Amino acid sequence: MVPVLLFATASPASAHPTLLSTTPAAGYSVASTPSAITMVFDEPVSVAPHGVRVDDGSGHAVGTSDVASEQGGRRVVVNTLEALRAGRYVVHWEVTAQDGDVVAADFDFAVGTAAVELSGAESGSSSGFPLIALLRWLFVLSLIALLGGAVGERIVHRAVPAATRPRSLVRVSGAVGSLAAASLLVYVVVATGGFGRAGILLAVEAAGLAVPAVLGQRMRWWMVATTALVVIPVEALRNHLGSQHGVTGALVVAIHLVALSVWLGVLFHLLRVARANAGGASVRRAFTTYSRFAVVLFFVVAVSGSVGALMVVPSLGTLSSTAYGRTLLAKVGLVTAVAVLAWRVRRRLLSATGSFVTRLVRVEIVVLVVVLAASAVLISLPSPEPATADLGYPTQAAGPVIRLGGLAGQIAVGIAASENQLEVRLHTPDGDTDTNDAKPPAFHLAAKLSGRGEAVNLQPCGRGCFVGPVSWTAGLEHVEVRVDATGWHGGIISFPIRWAPHLSRDALPRVRNVMLAQKTFRVVESITSDTTAPTPAAQSVTIDGPEFIDGDPYAGPPDPDVVVEPRPGGHHLLTFGLPAEGIQVELEVDASYRIVHETLAAPNHLATRTFKYSR
């Protein structure tokens, strides 16, 4: 029972028949109406005469023949009885496995619709964009008023203790921030149907800012500052960088927010103090004190902002070709203008009147508020490259193809590198990327060749499908893919591509024959559905060759093309994919072609196995 449980969690084949291949190929386009639709499974199946239905893009069934079974039930064929117009088609199938379980699923293909020119494109923005940007702007303003106001009050207390204080904004700022976070939380719950990671973080933010909203002036300055300093890291984790780059990205955002909050918040507080004292010269000392560390704050804002931009923007070209990049350039220009104003304020402090200084400060604050609006827009925009529209299906690649896969956070990423082309297929754990009636998630995707620093202009080509042109160079290079999706957190994953690949048709049969001859061996397996979560504890099982092969998706023909690369010590690395199931497999075999390590990437999990033999 233990081996059955172990491999049932890792391999779809042990739970239901694996769809090894389809004609037309699942997720691809063909030039004209196919005469028949064929599905090949890894085991014999039974199917009713009308167990396969083909629907057009509007959900209407198209004419097909009764289902025929071939190759002992492993091959299912249905003929098309009418010409298919250009567009997308979904094949719904239902079969009965050998163990009596009824399995139903579907796949899609297209007729006469090729992906548009691979020149790169940008489409769409976050749903509810204006409202989200406004709420995030109000949220950040509340943090600035709280943290900057607390630090500014401390400066005034030390520099000009006798100065008249303006009315406290602690209660109002806390209330605005808490309501903004709560409104964003409601939006997330309605849009995704649940809390998720973003919802939990927003709930923490709303609760944290509710404290100053309730206590108001009863809080000491250090209590107000502490509240803001607790909420800022939570917001940093929710930011693009926090969701895509983990702790490193969140740290960059947190440093940026703290420095920006103190810079603007202190200025705003000092301006209010100056107004409360009728613009008198008594507050000049407070401005002078602040100006001594304003340079450091600007440096921190500039450096952290630059680092964050480099982490989000994959190439310089995206600065002009995407809304995100153009907004970022506008923000940089505004920050530069603020730096010039701050420099003028510092020069005038010793010679100008207090009213002139406060006028410059007012201008500086106005520009910084606009900077914050640009920041809110940046947070609300999809990070480049956005790729969410369904513009067409690619034709199946000709020539050798390298298929690799893995998990980026919770999102399954599969790539197919072929002559002058990179294809990326994405899946979320709930299956909404696939061909059912659910609305697929909005993916935010970027890819680059890390060695060259060259971005790949990916174009949508169907549900969870993106394709772009690449001129591969001879030898080894790495493709870096960064992805996130609505309702799921993603991350970055890197794939090694060694061009041109060496293909083998007999490597997989050789592996099967060698493994079938193994009497017993031990397998240590680890399975995860989220690479950002702690790695689950590994499980160990002793199993024999036939039992192992029977539970893997490559248990029998037809065999896909396998890319074979030599490894030290006579070992070889075998990589191949089963596109109809969204599965990519990587096998390291020893000199006798026994498996020593296996990585299996499926749409909702990543399984790694290490094999131990007695001799």
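Me: How many bridges join E19 to strand E25, and which way do the two run?

Reply: General idea first: strands of a sheet pair through backbone hydrogen bonds, either parallel or antiparallel. Here, E19 and E25 (residues 605-612) run antiparallel and are joined by 7 bridges. Two strands count as paired if DSSP finds at least two bridges between them. The strands and helices themselves are DSSP runs numbered from the N terminus (E, at least two residues, for strands; H or I, at least four, for helices).

Me: What should I know about the model before going on?

Reply: It's a predicted model, where local features need pLDDT of at least 70, side-chain atom pairs count only at pLDDT 80 or more, and totals for chains, interfaces and linings use all residues. Residues are numbered from 1 along each chain as its sequence is written, and side-chain values use heavy atoms, with hydrogens and water left out.

Me: Which sheet do those strands form, and in what order?

Reply: It's an open sheet of 8 strands, ordered E18-E21-E22-E23-E24-E25-E19-E20, with antiparallel pairing. At the edges sit E18 (503-504) and E20, each pairing on one side only.

Me: Is aspartate 530 buried or exposed?

Reply: Buried means under 20% relative accessible area, exposed over 50%, and partly exposed in between (1.4 Å probe, protein chains only). Aspartate 530 counts as buried because its relative accessibility is 12%. You'll find aspartate 530 in the loop between E19 (521-528) and E20 (539-543).

Me: Which side chains does the side chain of aspartate 530 make a polar contact with?

Reply: A polar contact is a pair of N or O atoms within 3.5 Å; within protein, one must be able to donate a hydrogen and the other to accept it, and residues adjacent in sequence count only if both atoms are side-chain atoms. The aspartate 530 side chain has one with the side chain of histidine 489, at 2.8 Å, and one with that of threonine 532, at 2.6 Å. For plain contact (heavy atoms within 4.5 Å), leaving out residues up to four places away in sequence, aspartate 530 touches Leu407, Gly409, Gln410 and His489.

Me: How many residues does the largest nonpolar core have?

Reply: A nonpolar core is a set of buried Ala, Val, Leu, Ile, Met, Phe, Trp, Tyr and Cys residues joined through side-chain atoms within 4.5 Å. The largest one here has 48 residues, and Trp263, Leu270 and Tyr290 are among those with the most contacts inside it. Helices H2 (129-159), H3 (170-192), H4 (196-215), H5 (221-238), H6 (240-276) and H7 (284-312) each give two or more residues to this core. H6 supplies the largest share, 16 residues. Apart from that core lies another, of 30 residues, including Leu20 and Val541.
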